[in-house]
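These are my notebook entries on a single chain, written down as I looked things up. I begin with the terms and then go through helices, cores, rings and strands.

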Amino acid sequence: MASLMHIREHHSLRELLEPALSMTCPHCGVYAQMTVQATPAWQWLITNRPRRIGISALCPACRRPVFLCSGPVTYADDELTIDGLWEPVVKPLPSFELDRLPAELVDPVTEALACYRDGHWQALVMLSHRITLMCADAMGSDGRMTLFNAVTEAASLAGVDDALARFCRDILFDLDAAVTLPSLSPSAARVLVALLKDMLHEAFVRRDRLREAIRRVAHDARYND
């Protein structure tokens, strides 16, 4: 929707917003038209004159509240103008095909992505290591070596600096939580999450897609016969 909104006393902020308030839900990742639940009253806005305005909406897919804000806001005697897009206060999770993971990995991976989104670096470190151990266990006796090689190859293909690649591999495979946890910078966290997602993709998502494609081909072959 347009970023510039002019609102007068007789206008309903709910009615102005709702028809075009479509976005990706930060909780479930579904793109949908949000239902506006609560907006500030005109008199309160004119009296308090906040620089930014917040509203509450409801995601129709997961039925969870989504809090949005916009601004800056400028005021005149009988009108206020909001200049800015309505954005979720909580950002969406980084995308990943969670439905292709083993059930026991869905919650840890979701939590790790949320930690990355919210800047909780030490929690991200611990969860990333735990997820790697769980992946290796799920893959069997050669799981750890297969995952290590996949991460090494991914870092090489992406041109990650050798020292940073080694730092991320140590977190994923050789973390000792009893010792002081390593400190992550935002850029290192970005690389760590990219390598973690690629590792999960190679271990589970790619395999699941291939199996799905082969089943589909086999089904079509039987049908055509």
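**Entry 1: terms and ground rules.** I take the expected span of a helix as 1.5 Å times one less than its number of residues, and I take helices (H or I, at least four residues) and strands (E, at least two) as DSSP runs, numbered from the N terminus. The model is predicted, and I note that local features need pLDDT of at least 70 and side-chain atom pairs count only at pLDDT 80 or more, whereas totals for chains, interfaces and linings use all residues. Residues are numbered from 1 along each chain as its sequence is written, and side-chain values use heavy atoms, with hydrogens and water left out.

**Entry 2: helix 4.** I looked up helix 4 (residues 121–139), whose 19 residues reach 27 Å from first C-alpha to last, close to the 27 Å expected at 1.5 Å a residue. Buried here means under 20% relative accessible area, exposed over 50%, and partly exposed in between, with a 1.4 Å probe and protein chains only. By that rule the buried residues of helix 4 include Leu124, Ser128, His129, Ile131 and Cys135. Just after helix 4, I find glycine 140 with a positive phi of about 95°.

**Entry 3: cores.** I count as a nonpolar core a set of buried Ala, Val, Leu, Ile, Met, Phe, Trp, Tyr and Cys residues joined through side-chain atoms within 4.5 Å. The largest such core has 40 residues, of which Leu105, Leu124, Ile131, Cys135, Leu184 and Leu200 touch the most other members. Helix 3 (103–118), helix 4, helix 5, helix 6 and helix 7 (186–224) each supply at least two residues of this core, and the largest share, 12 residues, comes from helix 7. I then asked which residues cysteine 135 is in contact with, leaving aside its neighbours within four places in sequence. They are Leu105, Leu147, Met199, Leu200 and Phe204, where contact means heavy atoms within 4.5 Å.

**Entry 4: rings.** Rings of Phe, Tyr and Trp (its six-membered ring) pair if their centres lie within 6.5 Å; planes under 30 degrees apart count as stacked, over 60 as edge-to-face and the rest as tilted. My search of the whole structure finds 2 aromatic pairs. Tyrosine 116 and tryptophan 121 form a tilted pair, 6.2 Å centre to centre with 50° between the planes, and tryptophan 121 counts as partly exposed at 23% relative accessibility. Phenylalanine 148 and phenylalanine 173 form an edge-to-face pair, 5.3 Å centre to centre with 65° between the planes. This pair links distant parts of the chain, with phenylalanine 148 in helix 5 (residues 143–157) and phenylalanine 173 in helix 6 (residues 162–173), 25 residues apart. Is phenylalanine 173 buried or exposed? Phenylalanine 173 is buried because its relative accessible area is 5%, and phenylalanine 148 is partly exposed at 27%.

**Entry 5: strands.** I count two strands as paired if DSSP finds at least two bridges between them. Strand 8 (residues 79–83) is mostly covered, with 4 of its 5 residues buried. Strand 1 and strand 8 run antiparallel and are joined by 5 bridges, and the partner of isoleucine 7 in strand 8 is leucine 80. Strand 7 (residues 73–75) is also antiparallel to strand 8, through 3 bridges, and strand 7 and strand 8 form a hairpin with 3 residues between them.
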